[in-house]
Protein chains: 2
Amino acid sequence: MPCRKLTVIRLNFIQLVQILSCSVGNPQSLGQQPITFFREVLSLCDHPNILDRPQTKELFSADAIERARQILDQLPGRSTGSYSPTQGNKGLRETIAAGIEARDGFPANVNDLFLTDGATPAIHTMLHLLIRSKQDGILVPIPQYPLYSASIALYGGTLVPHYLDEAKGWGLEISDLKKQLDDARSKGITVKTMVVINPGNPTGQVLTEENQKQIVDFCKEEGLVLLADEVYQENVYAPDKKFHSFKKIARSCGYGENDIALVSIHSVSKGYYGECGRRGGYMEVTGFSSEIRKQIYKLVSVNICSSNVNGHIIASLVMNPPKVGDESYETFRAEKDAILSSMTRRAKILEDAFNSLEGVTCNKAEGAMYLFPRINLPNKAIKAAESVSTAPDAFYARRLLEEKGIVVVPGSGFGQVPGTWHIRSTILPPEDKFPAFVDRFTAFHKKFMDEYRD
Amino acid sequence: MPCRKLTVIRLNFIQLVQILSCSVGNPQSLGQQPITFFREVLSLCDHPNILDRPQTKELFSADAIERARQILDQLPGRSTGSYSPTQGNKGLRETIAAGIEARDGFPANVNDLFLTDGATPAIHTMLHLLIRSKQDGILVPIPQYPLYSASIALYGGTLVPHYLDEAKGWGLEISDLKKQLDDARSKGITVKTMVVINPGNPTGQVLTEENQKQIVDFCKEEGLVLLADEVYQENVYAPDKKFHSFKKIARSCGYGENDIALVSIHSVSKGYYGECGRRGGYMEVTGFSSEIRKQIYKLVSVNICSSNVNGHIIASLVMNPPKVGDESYETFRAEKDAILSSMTRRAKILEDAFNSLEGVTCNKAEGAMYLFPRINLPNKAIKAAESVSTAPDAFYARRLLEEKGIVVVPGSGFGQVPGTWHIRSTILPPEDKFPAFVDRFTAFHKKFMDEYRD
């Protein structure tokens, strides 16, 4: 991941400062605690020998014990050590399908689900499948999560960019989209796919239902596969916004299996759970011909081999957490609410802090785990960056790291309108350290501006 | 995995027979129990909240508790939920490097290790890196594990086959290797890599030290990268054979970092542990230029993202199991010995059973988890197969499935000398069911021969 590169910069000046990583959406590395119920179930599935021991009832909740038994019954040899089938174990897929149905109010088919090691292999599989040559184009929002540009380069396709409108809260303008599509087609590029990240990464916006409908209509009209990266679906902070899956939007527009090809990608790495290291997730693949479905199956078989069963288990837990009346429910609810309400507060504090800085503007933190403020860098700073052959925003980020030990990702890593400069910062430093983090950032920015103000 | 295809054949005739899968090296799906110590540590790493509870001491061994603490101390945020760095956490890599040193008697460098989701992503990464076009050839033994042919096809390279000599216990003849290499080069193929699987899959041989030295010399002379698939390193049954890693052989020949490029691949899926569903493993990459090393790092970053931390943990356990004096040692030793000695017995029983069948010859089961008997099919059977457009060994395997519910893989899935026919069967049915399995197989073969004998 390109965003990790900054951490290997030689830190000559800051041996005394504690490094604070705001570059990666990796909450547990910064002290976020895992959801107890999820970990209880995983722990018991790992070591089922203790399921019947009396002490286990004292250490684990009754519904976690019950859930572990149910899951083990679904695994070959009742073991997490057995290979899973190519699409993942059917019982776990049934649980996830039920969770999608409960979320969307539309049916989900267990045969449409592929359980994966997080979102990354799902994105790789689909891009690998959809790219045959340089002539195949993928519409990607700019700014974008760099996994897309890297994978498209790896598989030899062409990234067709369309810019999100910063002035309109990183909204997606269909007219611009159409322009970019026509432009690419006029150059002989076959555009087959459109990527949407909602809630947005790095931009943190949550699309309106109306905008989502326009996108679905656009993909249907233009015959595009809609690749919906929905890994931040639980991370919505704006009270007037709500996550809707693109499949729900498509179905509520009356579009069925034959009208639009849609891939919805989810992961256990984000949300309130933040289980990045576990590598769990799924993709829901609808609207493809049986021929293409076979190719997806084949590619998953060859490419990923079977993915890790514990990742599948936690994906099933995320889509079917404790319910009212379960022994774990109150604890689960309290843990989930504490994490999400803290994220909401931290997002707002950071948004306000950025907007209070000279020359910095920052859109509302509606969702995901990031803010992407625009930094109007003085010409003097731009020239100083050029003199060391560094992008101006990378120059700014590097100085921030060197002086304050804060790691953020320069906007040039995600793409941005030429001549504008941004950084991406997570909202993940722990809440008790947040004021100090904001103070350090603010002090750095003031000093930087004092040094470089035109 | 192509070997799974058989399991989806429509089973019209055998609704009454229990299916016995001998097609995949998936021991825990057939009832092999996991190693208690490994699962205790994983379970505690998943749910560290219980580490300090008094009941935990009653449920878990003291050294598992201690090991879990050590491992958690090495993880960012003390959590398996944090992303691991691209190569895997350094502490876990140090443990694995120490395990390699203890095994080989030669140093292992922590910077040479990449922790992976099992062997498959390691093989994919290296083949992806080593193949630029159809002109790039990879020397692969035939018969071979089909992941190699599938990956080479996927990345657009050319498989350069060399045949293992069945008459010499599936030995590898350097003269034949040289002939195949020269032949490919004369056709304009750039051969850059040689794959060796030791112990062999599907053929079950364990290479002699002398043969390994010849291979290392050959790769050095010809400038080939040696890709050593060593996932069955713990599965050696022949009392006169011993596993030696290719790195140990190379170093003991006096070849250092600058003499030969070597990739050693290991996995937690095989051995006595059989933890397939966990997806853990590593590759040790030595002898590459710093430029290529950077490319490997880049490809791992883009391709695999970080792999699952629990898979890394179990890879570290496999390379550093309990030692004499540890509380778990006696149990660990007993579990390991029971599994390996049972595999040794089952391998011998199956080898003898195959050799007792009319027209069947089977090499010694020296290692791995498979036997690959040659079946001299009668012309009548070959014609019957042709009449239904099926390879003769697939015809035989299908009849075995339909009549006795036994799933094996036809030799044509692995490649074989044209005109010879084989099947691959695992040795993994549980020992108490082994006599019945052998009886079912024997009865099938007799009936088949009675039907088709010329």
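In which helix of chain A does Arg93(A) lie? Arg93(A) belongs to helix α4 of chain A, which spans residues 90-104, where helices (H or I, at least four residues) are DSSP runs numbered from the N terminus. This is a predicted model, in which local features need pLDDT of at least 70 and side-chain atom pairs count only at pLDDT 80 or more, while totals for chains, interfaces and linings use all residues. Residues are numbered from 1 along each chain as its sequence is written, chains are lettered from A and ligands numbered from 1 in the order in which they are written, and side-chain values use heavy atoms, with hydrogens and water left out.

- Arg93(A) is buried yet has no salt bridge, and the nearest side chain of opposite charge, that of Glu94(A), is 7.9 Å away; buried here means under 20% relative accessible area, exposed means over 50%, and partly exposed lies in between (1.4 Å probe, protein chains only).
- A polar atom of the Arg93(A) side chain lies 2.9 Å from the backbone oxygen of Gly88(A).
- Leaving aside residues up to four places away in sequence, Arg93(A) touches Gln87(A), Gly88(A), Val110(A), Asn111(A), Leu113(A) and Leu115(A), contact meaning heavy atoms within 4.5 Å.

**The interface between chain A and chain B**

- Across the interface, 59 residues of chain A are in contact with 59 residues of chain B.
- The area buried between chain A and chain B is about 4,700 Å², of which carbon and sulfur atoms give 52%; buried area is the accessible area (1.4 Å probe) that two parts lose on being put together, summed over both.
- Within chain A, the residues that lose the most area to chain B are Asp46(A), Leu59(A) and Tyr83(A), which together account for 16% of what that side buries.
- Between chain A and chain B there are two salt bridges, and the side chains of Arg278(A) and Asp46(B) meet in a salt bridge with an N to O distance of 2.6 Å.
- There are also 29 residue pairs in polar contact between chain A and chain B, both residues being at pLDDT 80 or more; a polar contact is a pair of N or O atoms within 3.5 Å, where within protein one must be able to donate a hydrogen and the other to accept it, and residues adjacent in sequence count only if both atoms are side-chain atoms.
- The elements of chain A that give two or more residues to the side touching chain B are α1 (36-46), α2 (54-59), α5 (119-130), α6 (146-154), α10 (290-303) and α11 (309-318), and α1(A) gives the most to that side, with seven residues.

**Helix α1 of chain A**

- Helix α1(A) is mostly covered, since 11 of its 11 residues are buried, among them Phe37(A), Arg39(A), Glu40(A) and Asp46(A).
- The cover over the buried residues of α1(A) includes α2, α3 (62-74), α11 and α12 (329-355) of chain A, together with α1 (36-46) and α11 (309-318) of chain B.

**Salt bridges across the model**

- Over all chains, the count comes to 53 salt bridges.
- Asp450(A) forms a salt bridge with Arg453(A), the closest N and O atoms being 3.0 Å apart; Asp450(A) counts as exposed at 54% relative accessibility, whereas Arg453(A) counts as partly exposed at 36%.
- In chain B, the side chains of Arg103(B) and Asp104(B) meet in a salt bridge at 2.8 Å, N to O, with Arg103(B) partly exposed at 23% relative accessibility and Asp104(B) buried at 7%.
- The side chains of Arg398(B) and Glu402(B) also meet in a salt bridge at 2.8 Å, N to O, and these two residues are separated by about one helical turn because they are four residues apart in helix α14 (residues 392-404) of chain B.

**Two further buried residues**

- Ser342(A), in helix α12 of chain A, counts as buried at 7% relative accessibility.
- Val300(B), found in helix α10 (residues 290-303) of chain B, counts as buried at 4% relative accessibility.

Methods. Salt bridge = Lys/Arg side-chain N within 4 Å of Asp/Glu carboxyl O. Lys, Arg positive; Asp, Glu negative; His and termini not counted.
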